[in-house]
Every structure is written in C-alpha cells, then in structure tokens.
Amino acid sequence: MPKIQTNGLGLWYGGFHALKNVNAGFEANKITAIIGPSGCGKSTLLRVFNRMNDLIEGVRIEGDVLIDGSNIFDMRTDLVTLREKVGMVFQRPNPFPLSIYENIVFGVRVHNGRVKRDKLDEAVEQSLKSVLLWDELKDRLDKPALRLSLEQKQRLCIARLIAVRPDVLLMDEPCSTLDPQATARIEELMRELKASYTIIIVTHNMQQAARVSDDTGFMLLGELIEFGRTEAIFTAPRDKRTEDYITGRYG
Amino acid sequence: MERHFDEELKELKQDILKMGTFAEEAIYKSVEALKNRDKSLAQSVIDNDNNVDNLELAIDEKCIDLIARYQPLAGDLRFITTGMKINAELERIADIAVDIAQRTQEIADQPLLKPLVDIPKLTVIAQNMVKMAIDSFVKGDIELAKKVLLSDPEADELRNLIHKELVEDYMLKNCSTAPRAVQLLLVARFLERICDHTTNIAEDVIYMVQAEVVKHHPEKIKGD
C-alpha cells in the first residue's frame, strides 16, 4: 500500500478548479517528483498533504487523501499531529529569527510540551547530523540561524522538520535559490533521507527531477497527466503532453 | 513551440542520412567491382572509407555535444542515442564493403570461378535492407523496420546456399578451386553480415519510435 494515496482528489479556490480528479500513490522510502508548468497545481497538491490549504479562504476539496490508510480529511484528524507527521520545506529557507539550537527544538516543544534539556540536546545533535550540519555548527549552536548561508539555512529547515520525527517530507522547490554545488549537496541529502522518509518534491528543474526521484508525476492545468517510474517518464513518456513539456515544446 | 534544438536535430538526421548514402554506395560499388572484376572501382571504395570514418567521428561528436548542451529527454534522447548507434552500424557496413573490395582486388586478375548468380541476389537483398533500414530511421517508420527484420532469414538462407554450393560443387571436387572459392565464401559472409547490421538499425529504430526494446526478443516482432 502506498504511504499516501489520493482518490478522486479535486480542489477549488473559490471558482477556480485547481486540482482535477487526482489519483496517485506515493510510496514510502521513495522520492516522488511532481513536475509541470507554473500554475499547474503541483504546489497546491503538495499543500493538500498536510492540509496547508485549509488556511486559504474559499478552498473546497473533494475526494480522499489517505496517509497510512487514514483519510486526512476525516473529522477526527488532528491537524497538529498531521503536520508533525507530514512536514514541509519551502522554496526560500525560512528559519526562525532564533538561535540554531532554538530553531530545531521549536517544533519538538510544540509537539511534546516540556522536554528535558538532554532530550532536546539529543534531538539537535541527531537532526543536525542527519542533514550533515553537525560538524559545521556544533560549536555555535547559540548563534542566530539567520546568519547561516542559504544552503545551511535550507539544511537547518530540513533538520527542524526531522527533529519532530515526521514520516513524510514535502519539498516545494527546495533548491531553487541555491547554486549548483549546494543543489547537488541537498540532492545527496535527499537520497540519504529517503531511507527513512517518504519524500515528495515539487520542482521546475527537470534535470533535478530526473536525477533525484524514483517516481515522477506530470501535472497540467490541475490534472495529473502521467505518473510513473522516473526513468520511464523521462525516456518514454506515454502522453504527448508530457513529452512536449519535458522536451521544451510546451508553451 | 519551435525550438532551436529542432534545427540541430534536423542537421544530425541529415548527417546520418549522408552516412547511409555512403554505406549504400560502398556496397553497390564493391559488388559491381566484384562482378566486373574492376580493380579501380574497388580501389575507389577503399579510398572513400576515410570520408566515411571522418563523418562517423563528426556525427558522434555532434551527438555528444547535443547531449551535453541540451540534456535531451524522452523522444529527443531516444533519437540522439539511436542516432549514435546507427552511425556505428553504418560505419561497420561501409567497412565490410571495403572488405569486399579488397577480396575483389585479390581475385580480379584470375578467371571467375563461376558465373555469379546468388551473390548478386544476396547483394540486392543486402542493399534493400540497408535502404529500408535507413528509410525507417528517417521516416520513423516501424513497419519498414519490421520488414528489415523479417528479411534477414532470407539472407541467411541464401548465404547458406552459396556456402553449400561452393564447398560441395567446387572445393570438395577440385581443391585447386579453393583459393578463389574461399574469396567468394568470404564475400557471401560479408554480405550476410551487412544484413545483420541492418537488423540492428531496425531494432534501434523501433526503440527510437515506440520506446520498445525488441533487441534479443525476436518474438516481439513475430507476434505482430
């Protein structure tokens, strides 16, 4: 069973039909890339998975999204728990204006209330190690996170998520502000993280999707046009619209 | 949307087509030279091989350049990778024509062992297969590619027939015919190998067009 399954998922922003009958399965311990032109609904789809769209006025959703078999739109779903389980990394790294240490323990405190200092220390060390920042930052954990480089900030944001032990990492253009070297290092990190997480990445960078993902979905005008193994999508797409988009004929 | 890349792909296709024309010409001239024992025509095939080799290198370079600069995907990727493979097959075909020309030069001064009947037939099959294979690539025509694959058994059969005749009717009966018979055996073998190269091209074309690997899976062709 896929970690996340959407069945007949539709979404409207007021009168605008942003997602149309999306049916897809996102496997655990894999990286799934969602590609498509601007405005195709890929970020909207990503935001459905931790119900971030709930914050937008006039949003209407139909269909099901099952995570581990449970419908996230069920009345009994606790949003805080859902967002603990399904974390999101954004295009621009957005650390809090706090110390490196406080950035990481922030979510741990939100989700667990009062936590002993040694437990927090452990969470900081483990999360920074998993994003390969520990050696660089261990001696300046009290320094402001906003002074880090862009790449370090993005890694810190991933570490901040990991600290609350999610199952799913949603990444919305996580490398779009990074240079090619930093991008390559974040991609390496994603490959390491997929052993423990379900990762879904939205990207405009076709080569990034081809390099890093196991499965790829192509979206156009709110529809999931094609979904399959990444190598199949990029060497032999079945739908002409996918072919046109990934070969740059679309537009 | 029109892409500059399409212009580059068009040029690549033209170059591969030119390579195909070189290969076709080389086969035709090498067998004509054999039939007419024309040493100078044979020599022209050998001399032109340099041009074939240079074009092969230029096409390879162009393909690598396109991959590096455009990072092609999907149909574009299949077209370029197939183009590289077809380029190599055509160069091998032209090399085999050179082999035939060299055999021709060796036997041109001797009387023909026998009137050539089946070798010209095999030549026609080989030339047709080369032509169909190149056309199938240019037009992206799968049916034509399949026709190439289905023609190969006929070439094999004819080669076996030539082999049997030369060995049983000449070499075994009169061993003094062996030096000339061996040259003809080789020519038949060369022509049959040209046919084998065209089947590789046809298989590559099928992959290029419908992303289906039929290489080493003959049942996928017979099933249609």
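Biologist: What radius of gyration does chain B have, against that of a compact globule?
Modeller: This is a predicted model, where local features need pLDDT of at least 70, side-chain atom pairs count only at pLDDT 80 or more, and totals for chains, interfaces and linings use all residues. Residues are numbered from 1 along each chain as its sequence is written, with chains lettered from A and ligands numbered from 1 in the order written. The radius is taken over C-alpha atoms, and the globule rule is 2.2 Å times the number of residues to the power 0.38. For 224 residues the rule gives near 17 Å, which agrees with the value for chain B, 19 Å.

Biologist: Which residues of H4(A) are buried?
Modeller: Helices are DSSP runs (H or I, at least four residues), numbered from the N terminus. Buried means 20 or more other C-beta atoms within 10 Å of the residue's own, exposed 12 or fewer, with C-beta atoms placed from the backbone. The face turned away from the buried side carries exposed A:Asp118 and A:Lys119. The buried residues are A:Ala123, A:Val124, A:Ser127 and A:Leu128.

Biologist: Why do they sit on the same side of H4(A)?
Modeller: The arc is that of the directions from the helix axis to the C-beta atoms. They lie on the same side because they cover an arc of only 115 degrees.

Biologist: Which helices do the buried residues of H4(A) pack against?
Modeller: Contact means C-beta atoms, placed from the backbone, within 7 Å. The partners belong to chain A: helix H3 (100–112), helix H5 (134–137) and helix H6 (150–162).

How values were computed. Helix = DSSP H or I, 4+ residues; strand = E, 2+ residues; numbered from the N terminus. Contact = placed C-beta atoms within 7 Å.
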